[in-house]
Amino acid sequence: MSIEPIVQTYTFRDTILYALGLGYGADPLDTSELPFVYEGDLKCLPSYANVLCHPGFWAQKPEFGIDWVKILHAEQDFHMHGTLPPQGSIRGEYKVAGIEDKGPERGALLHQLKELYDAESNEHLATVRSTLFLRGNGGEGSFGDAMPAADKLPEREPDKVVEIPTLPRQALIYRLSGDYNPLHADPAVARKAGFEMPILHGLCTNGIATRAILKTYCGDEPANLTSMFVRFSRPVMPGETIRCEFFEEGAGSLRFRAIAKERDTVVLDRCSARYSD
């Protein structure tokens with residue numbers, strides 16, 4: 001499969017809108033969040049790398065033979081090689097790195113890699129991996145390298161806990177950063193998919209966890225968060241509180257999970273991050 005490189009130009013308005021979609025600015029007197037939502041000294045969150053230069057829903061194309069209706073977003077991770085500018089032009093280069101075939105009627109895992117570069121300087125800014133669970137496929141064969149399975153979290157109390165509330169309209173704000181799937185906006189579509197209401201985007205939950213790590217371990221400096229991996233386990237309903245539980249492993253290494261507090265349901269599991277102080 002070949003996807004032509006994508007160049008996306010974004011402005012300070014896009015960077016601010018992304019941060020607002022993650023709930024930044026809820027307290028207008030919290031000056032620690034102001035640099036993410038005010039152009040005076042604007043900072044760009046590293047998790048914006050997940051959103052930039054999106055290739056569109058190419059899996060819908062019939063030549064690939066993917067049962068796209070049954071696709072689930074399984075995992076996401078990013079490794080930062082530089083710091084995303086608050087505005088600029090970014091080039092995204094793509095490839096399917098591998099497929100892990102689970103067997104007939106058991107599905108397959110598809111690993112997609114995205115490399116992000118500054119379109120002007122050619123600086124390598126980030127490597128992003130998305131893993132899709134193709135529930136309607138399987139039995140067609142594997143290729144490429146299998147990704148290592150994420151380890152279970154430590155069986156002990158977390159070292160730190162951070163709770164971040166979401167707004168009932170959170171998905172309607174976040175979708176303006178580029179994911180217009182009606183599952184996150186239209187109650188009729190959500191009910192057809194088996195949900196009582198539109199659900200929050202998984203990458204919004206991912207971004208909220210990024211917020212928690214930046215605040216708790218990185219001094220709100222985006223350059224200090226160098227990598228982050230999450231496994232999506234359950235959806236979040238807009239308006240719920242996301243409880244992030246962190247397990248410190250020393251030398252700038254974290255394991256964590258995120259829980260929808262009101263339902264006591266794990267929504268991100270077996271997660272990890274690397275950071276510098």
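Modeller: R270 counts as partly exposed because its relative accessibility is 22%; buried means under 20% relative accessible area, exposed over 50%, and partly exposed in between (1.4 Å probe, protein chains only). R270 lies in strand 11 (residues 265-275), and its phi is near 55°, a positive value in a residue other than glycine. This is a predicted model, in which local features need pLDDT of at least 70, side-chain atom pairs count only at pLDDT 80 or more, and totals for chains, interfaces and linings use all residues. Residues are numbered from 1 along each chain as its sequence is written, and side-chain values use heavy atoms, with hydrogens and water left out.

Colleague: Why is D220 called buried?

Modeller: D220 counts as buried because its relative accessibility is 8%. D220 is found in the loop between helix 5 and strand 8 (225-232), and has a positive phi of about 60° although it is not a glycine.

Colleague: What is the nearest side chain of opposite charge to K114, and how far away is it?

Modeller: That side chain is E115, 10 Å away. A salt bridge requires a side-chain nitrogen of Lys or Arg within 4 Å of a carboxyl oxygen of Asp or Glu, so K114 has none. K114 is buried and is found in strand 4 (residues 108-118).

Colleague: Which backbone oxygen lies 2.7 Å from a polar atom of the K114 side chain?

Modeller: The oxygen belongs to L52.

Notes. Helices (H or I, at least four residues) and strands (E, at least two) are DSSP runs, numbered from the N terminus. Lys and Arg count as positive and Asp and Glu as negative; His and the chain ends are not counted. A polar contact is a pair of N or O atoms within 3.5 Å; within protein, one must be able to donate a hydrogen and the other to accept it, and residues adjacent in sequence count only if both atoms are side-chain atoms.
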